[in-house]
Number of protein chains: 2
Amino acid sequence: MKSISEAESILMQVLWQRGEATAEELREAVAERTDWQPGTVKALLNRLLNKGAIRAEREGRRFRYRPVLEREDYVAEQSRSLIDRLFDGRVAPLVAHFSEQKALSKSDLDELRRLIRELDDGE
Amino acid sequence: MKSISEAESILMQVLWQRGEATAEELREAVAERTDWQPGTVKALLNRLLNKGAIRAEREGRRFRYRPVLEREDYVAEQSRSLIDRLFDGRVAPLVAHFSEQKALSKSDLDELRRLIRELDDGE
DNA sequence: CAATGCTGATTACGCGTGTAAACCTAGAAT
DNA sequence: ATTCTAGGTTTACACGCGTAATCAGCATTG
């Protein structure tokens, strides 16, 4: 299960979001972000197939694609990688970074508070 | 100022850490992680020079390299990019992710608490 | 001064990526 | 059955990356 590329991950996002899609649906879904031609989407899908990240099942004359790689796993690997590379493996410095940058929204703060409270008493 | 690659960023880490270094010092500094030949390091340094991420000043027969790109900026861009790509631009879900993963260390938690308290009353 | 040897610059090379044109094939339409 | 066509598959190509061999300039030394 080789690592998936930037362009490929855009398609994965859509697949994770809606569970499944045809090539054309995918193309439409990313149309505003990318202007990919149909062939481009197909090629990317094939690479994802080869990497084992998705599977395809025939449906009449076309295919329906579904994720095999779990979003959770991908997210975990990407997050871990960034945190390790830039923040010495610890989460807090990243939050601190955003805090200094004043890039924490009100709802972010609310949720962080909630999370911490949860962790403090629960479990 | 094009984006810097994975291998290049390893050299940047060292430069940010010590402020400056020669090619050979860099090679030693990353020796255990990479086994790069001297030529490899030189080539990477040249790419960084072309990208404007570092500068070099002659020092006798060799060069001394310093970062031009600020670590802060790099970190900000990378973090922002990940958060946007995977967590819809918000920080809390990332922390939640690590929390679910039980990947928050004791000191992470302590610091998060401290950060939140700080934001709550201070400023 | 010529030979030797650092150190940086240039060139190379295979591989993944982004993007797409060209090609192929099983159904649909006639 | 023959042709048309909506998909999918193969091939292509330029570019960046990881890695390094090779080339070139200049300083040290015999």
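**Around the DNA and between the chains**

Modeller: Let's start at DNA strand D, where the nearby surface divides into seven nonpolar, six polar and eight charged residues. Ala, Val, Leu, Ile, Met, Phe, Trp, Tyr, Cys and Pro count as nonpolar, Asp, Glu, Lys and Arg as charged, and the others, Gly among them, as polar. This is a predicted model, in which local features need pLDDT of at least 70, side-chain atom pairs count only at pLDDT 80 or more, and totals for chains, interfaces and linings use all residues. Residues are numbered from 1 along each chain as its sequence is written, chains are lettered from A and ligands numbered from 1 in the order in which they are written, and side-chain values use heavy atoms, with hydrogens and water left out.

Colleague: What is Arg47(B) up against on DNA strand D?

Modeller: A base nitrogen, at 2.8 Å from an N or O atom in the Arg47(B) side chain. Ser5(B) has a side-chain N or O atom 2.5 Å from a phosphate oxygen of DNA strand D, while for Arg61(A) the partner is a sugar or linking oxygen at 3.5 Å. Taking the atoms of DNA strand D within 4 Å of the protein, 64% belong to sugar or phosphate and the rest to bases.

Colleague: Where do phosphate oxygens of DNA strand C meet backbone atoms?

Modeller: At Ala7(A), where a polar backbone atom is 3.1 Å from a phosphate oxygen, and at Gln37(A), whose backbone N or O atom lies 3.4 Å from one. Lys42(B) uses its side chain instead, with an N or O atom 3.3 Å from a phosphate oxygen. H4(A) gives the most to this surface, five residues.

Colleague: Switching topic: how are chain A and chain B related?

Modeller: Chain B can be laid on chain A with an RMSD of 0.2 Å by a turn of 179° and a shift of 0.0 Å along the axis, fitted by least squares on C-alpha atoms of residues with pLDDT of at least 70 in both. So that's a two-fold axis relation. The same surface serves both copies, since 100% of the contact residues of chain B recur in chain A; contact means heavy atoms within 4.5 Å.

Colleague: How many residues does that contact take, and how much area is buried?

Modeller: It takes 40 residues from each of chain B and chain A. About 3700 Å² is buried between them, with carbon and sulfur atoms giving 62%; buried area is the accessible area (1.4 Å probe) that two parts lose on being put together, summed over both. In chain B, Arg85(B), Leu86(B) and Val91(B) lose the most area to chain A, together 15% of what that side buries.

Colleague: How many salt bridges between chain B and chain A?

Modeller: Six, one of them pairing the side chains of Asp108(A) and Arg90(B) at 4.0 Å, N to O. A salt bridge here is a side-chain nitrogen of Lys or Arg within 4 Å of a carboxyl oxygen of Asp or Glu.

Colleague: Which element gives the largest share of the side of chain B that touches chain A?

Modeller: H5(B), with 13 residues. By class, that side of chain B has 21 nonpolar, seven polar and twelve charged residues.

Colleague: Last one: how many salt bridges over all chains?

Modeller: The structure holds 32. Among them, Glu24(B) and Arg27(B) meet through their side chains at 2.9 Å, N to O. Those two are about one helical turn apart because they sit three residues apart in helix H2 (residues 23-29) of chain B.

Key. Near = heavy atom within 4 Å. Polar contact = N/O pair within 3.5 Å; in protein donor to acceptor, adjacent residues only side chain to side chain. Helix = DSSP H or I, 4+ residues; strand = E, 2+ residues; numbered from the N terminus.
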